[in-house]
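The entries are kept in the order in which I looked things up.

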Amino acid sequence: MQDKKITIFDVAECAGVSKGTVDRVLHNRGEVSKTSAEKVRKAIEELGYEPNLYASLLASKKARLIACLLPEVYPGEYWEKIRTGFEAGAESLAGLNVRTRIFSYDQYDPASFDAACSDVLASEPAGVVVAPLFKNGTINFVKQLRDRDIPYVYIDSKLEDSNYFAYFGMPMYQSGYLCAALLTERLRPEDVKLITVVRIIRDKSRQSDPTVNRREGFSDYIMENFPACRIENFFIDPSHPELIEAALQELTEDRKLVVMFNSRVHLLSSFLQKHPSPGRRVIGFDNLDRNMEALRSGLVTLLIAQHTERQSIRAVETLADYIIFGKKPLNRDNYVHMDILSRLNIDNY
């Protein structure tokens, strides 16, 4: 027996039962007496039989579902890249009896998020990919996943709970720290007296704040190196683009240091073009086409970017490896590269 691979037939012979009985025990389906089941399990242990999990999954009548909980997608936006990555990961599962499904919610509406969470749970997923935009709703959702022993993977950002299966995305605190260093590089303390942070108006209850850790890293760097500097926040509403320029009127020429911590720095383009200021530095995040255009035209100084699609591709692959092979990721936190883009290198990115 030690010189050949142990098969299901060997287990059946050792246990004194049929191959069909062994198959039913392995896949936990059909009626098997307690005595026969014990014999099969004992034979498996004695022989050191290792089931072919790949074949077992294919033989299963029930396809396993990997659910992805994402904000609604609009062309040219950050979440479109995340969705593209999820769909690419799904294509790699073709023929493995694992299916995927995207559950969407309005990123400005906590009730919409909660409803989508309920839909995910009702679908009885084998694993979940979640972008945790709403902190309170996510805490409640992942608690229910834990109670059902369903592994979940965070993408884009994460909550500091102790039970998530994996995370794929930027190191948020470090990305903010890096942003502050780039914004103030080679400047004297007297040149760093005021920094303007442009933020997005999100839900009215202020539950959604995905860049909070990035802002913390940014603020820590500034306080450590420019303690006399003041950081001011300006809020704009992307759902009313006609009001954005009016909201930015206080961004006068003396405001030389401007940053946005999300993927929408392109929303400033029109205002910056109409109100140029020599020496102004503007930094944003992510290589959206409109951001790249603003960078190429000189309206934005630098972008801190990533290959966004890789987050959701790797999230799907990681859950599939666990569902099919029982394989856990080598690292729980899997950080994507932080790429610094300027006008000089974007054509090669």
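Predicted model: local features only at pLDDT ≥ 70, side-chain atom pairs only at ≥ 80, totals over all residues.

My notes on the structure follow, sheets first.

**Entry 1: the parallel sheet.** I traced an open sheet of 6 strands and wrote down its order as β2-β1-β3-β4-β5-β11, with parallel pairing. I then checked the edges. β2 (98-105) and β11 (333-335) each have a single partner strand, so one side of each is left without a neighbour in the sheet.

β1, residues 64-71, runs parallel to β2 and is joined to it by 8 bridges. Within that pair I found Leu-70 opposite Ser-104 of β2. Helix α7 (residues 135-147) packs on this sheet, where it touches β1, β3 (127-130) and β4 (152-155). I noted its direction as about 150 degrees to that of β4. The second pairing is β3 with β4, also parallel, over 3 bridges. There Val-128 has Tyr-152 of β4 as its bridge partner.

**Entry 2: the faces of β4.** I asked which residues cover the two sides of β4. Tyr-152 and Tyr-154 lie on one side, Val-153 and Ile-155 on the other, and all are buried.

**Entry 3: α6 against α7.** Having α7 in view, I looked at helix α6 (residues 110-122) next to it. The two axes come within 10 Å and cross at roughly 10 degrees. With the cut-off for roughly parallel at under 35 degrees, α6 and α7 are therefore roughly parallel to each other. From α6 I listed Phe-113, Asp-114, Cys-117, Val-120 and Leu-121; they meet Gly-137, Thr-138, Phe-141, Gln-144 and Leu-145 of α7. By type, the residues of this contact are 6 nonpolar, 3 polar and 1 charged.

**Entry 4: the cores.** I looked up the largest nonpolar core and found 70 residues in it. Ile-66, Leu-69, Val-128, Phe-141, Ile-195 and Phe-218 have the most contacts inside this core. Helix α13 (residues 309-325) gives the most to it, with 6 residues.

I took Phe-141 for a closer look. Leaving out neighbours within four places in sequence, I recorded contacts of Phe-141 with Leu-69, Cys-117, Val-120, Leu-121, Val-128 and Val-130. Another core lies apart from the largest one; it has 23 residues, including Ile-200, Leu-248, Leu-267 and Val-282.

**Entry 5: the mixed sheet.** I traced a further open sheet of 6 strands, in the order β7-β6-β8-β9-β10-β12, and noted that its pairing is mixed. The edge strands here are β7 (230-236) and β12 (339-341); each has a single partner, so one side of each is left without a neighbour in the sheet. The twist from one strand to the next averages 20 degrees.

I checked β6 (residues 194-200) against β8 (residues 257-259): they run parallel and are joined by 2 bridges. Thr-196 has Val-258 of β8 as its bridge partner. Two helices went on the page with this sheet. Helix α8 (residues 172-183) lies across β6, β8, β9 (281-285), β10 (302-305) and β12, and runs at about 160 degrees to β9. Helix α12 (residues 289-296) touches β9, β10 and β12, with its direction at about 150 degrees to that of β10.

**Entry 6: positive phi.** Glu-124 has a phi of about 55 degrees and sits in the loop between α6 and β3. Is Glu-124 buried or exposed? At 53% relative accessibility, Glu-124 counts as exposed. Asp-286 has a phi of about 80 degrees and belongs to the loop between β9 and α12. Its relative accessible area is 5%, so I put Asp-286 down as buried.

**Entry 7: Leu-26.** Last, I looked up Leu-26, which is found in helix α2 (residues 19-27). Its relative accessibility is 26%, so Leu-26 counts as partly exposed. I also noted a separation of 63 Å between the C-alpha atoms of Leu-26 and Leu-257, which are 231 residues apart along the chain.

Definitions and conventions
Residues numbered from 1 in each chain as written. Heavy atoms only, no water. Pairing = 2+ DSSP bridges. Helix = DSSP H or I, 4+ residues; strand = E, 2+ residues; numbered from the N terminus. Contact = heavy atoms within 4.5 Å. Axes fitted to C-alpha atoms, helices over the stretch in contact; angles between N-to-C directions. Core = buried A, V, L, I, M, F, W, Y, C linked by side-chain atoms within 4.5 Å. Buried < 20%, exposed > 50% of the residue type's maximum accessible area, 1.4 Å probe, protein only. Parallel < 35°, antiparallel > 145°, perpendicular 65-115°, else oblique. Nonpolar A, V, L, I, M, F, W, Y, C, P; charged D, E, K, R; others polar.
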